[in-house]
Amino acid sequence: MRLALREAGRAAEHDDVPVGALIVLDGEVISAAHNERELRSDPTAHAEMISLRQAAAAIGSWRVLGAVMYITLEPCAMCAGAIVLARISRVVFGAPDPKAGAAGSVLDVLGASQLNHRPAVAGGLLAEDSAELLRSFFASRR
């Protein structure tokens, strides 16, 4: 998670919301990314989406079976859907997102029994560090 926090800090360098994500497979980091919505002018350039694309390219498959994704902020509905489609085995996130979280805060896409895949989910890892990055970022813009 500390590597994901480092990625999140990189997002703030180009005025993106500081969210970082990385994917670990067999104990090895196979992708690491941060939000790039502002940088790319792309509403889908969330850290999770970029990290999923990198991981799929790294292993040569859209199924990222057996992998763990670490994210500094609870994923939104778009990212949670992509996580399910990529067959990520476990999601670990830092801070909950009471406005857009889709791992139980607002929606529970990751736990929806109607979907064909449900990753294990653990929230709260280094939550305060993740939340402080976000608070500082938004405080500087007010």
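Reply: A polar contact is a pair of N or O atoms within 3.5 Å; within protein, one must be able to donate a hydrogen and the other to accept it, and residues adjacent in sequence count only if both atoms are side-chain atoms. The model is predicted: local features need pLDDT of at least 70, side-chain atom pairs count only at pLDDT 80 or more, and totals for chains, interfaces and linings use all residues.

Me: Which side chain does Ser-31 join in a polar contact?
Reply: The side chain of Ser-51, at 2.6 Å. Ser-31 belongs to strand β2, residues 28-34 (helices, H or I of at least four residues, and strands, E of at least two, are DSSP runs numbered from the N terminus).

Me: Is Ser-31 buried or exposed?
Reply: Ser-31 counts as buried because its relative accessibility is 3% (buried is under 20% relative accessible area, exposed over 50%, partly exposed in between, with a 1.4 Å probe and protein chains only). Beyond four places in sequence, Ser-31 is in contact with Ala-21, Leu-22, Ile-23, Ser-51, Gln-54 and Ala-55 (contact means heavy atoms within 4.5 Å).

Me: How do β1 and β2 pair?
Reply: In the antiparallel sense, over 6 bridges (strands pair if DSSP finds at least two bridges between them). Leu-25 has Glu-28 of β2 as its bridge partner. The hairpin has 2 residues between the strands, and Asp-26 takes a positive phi near 55° there.

Me: Changing topic, how many residues has the largest nonpolar core?
Reply: It has 33 residues, and those with the most contacts inside it are Ile-23, Leu-52, Val-64, Ile-71, Ile-83 and Ile-88 (such a core is a set of buried Ala, Val, Leu, Ile, Met, Phe, Trp, Tyr and Cys residues joined through side-chain atoms within 4.5 Å).

Me: Which elements give two or more residues to this core?
Reply: They are β1 (20-25), α3 (47-59), β3 (68-73), α4 (77-85), β4 (90-95) and α5 (127-139). The most comes from α4, with 5 residues. A second, separate core of 7 residues includes Ala-4, Leu-22, Val-24 and Val-92.

Me: How far apart are Met-69 and Ile-88?
Reply: They are 19 residues apart in sequence and 7.1 Å apart in space, C-alpha to C-alpha. Met-69 lies in strand β3 and is buried, at a relative accessible area of 0%. Among the other contacts of Ile-88 beyond four places in sequence are His-117 and Pro-119.

Me: Now the helices: which residues of α5 are buried?
Reply: Ser-130, Ala-131, Leu-134 and Phe-137. Seen down the axis of α5, these fall within an arc of 125°, so they line one face of the helix (the arc is that of the directions from the helix axis to the C-beta atoms). They pack against α1 (2-12), β3 and β4.

Me: And which residues of α1 are buried?
Reply: Ala-4, Leu-5, Glu-7, Ala-8 and Ala-11.

Me: Lastly, which side chain does Glu-128 join in a polar contact?
Reply: That of Arg-135, at 2.2 Å. Glu-128 lies in helix α5.

Notes:
Residues are numbered from 1 along each chain as its sequence is written. Side-chain values use heavy atoms; hydrogens and water are left out.
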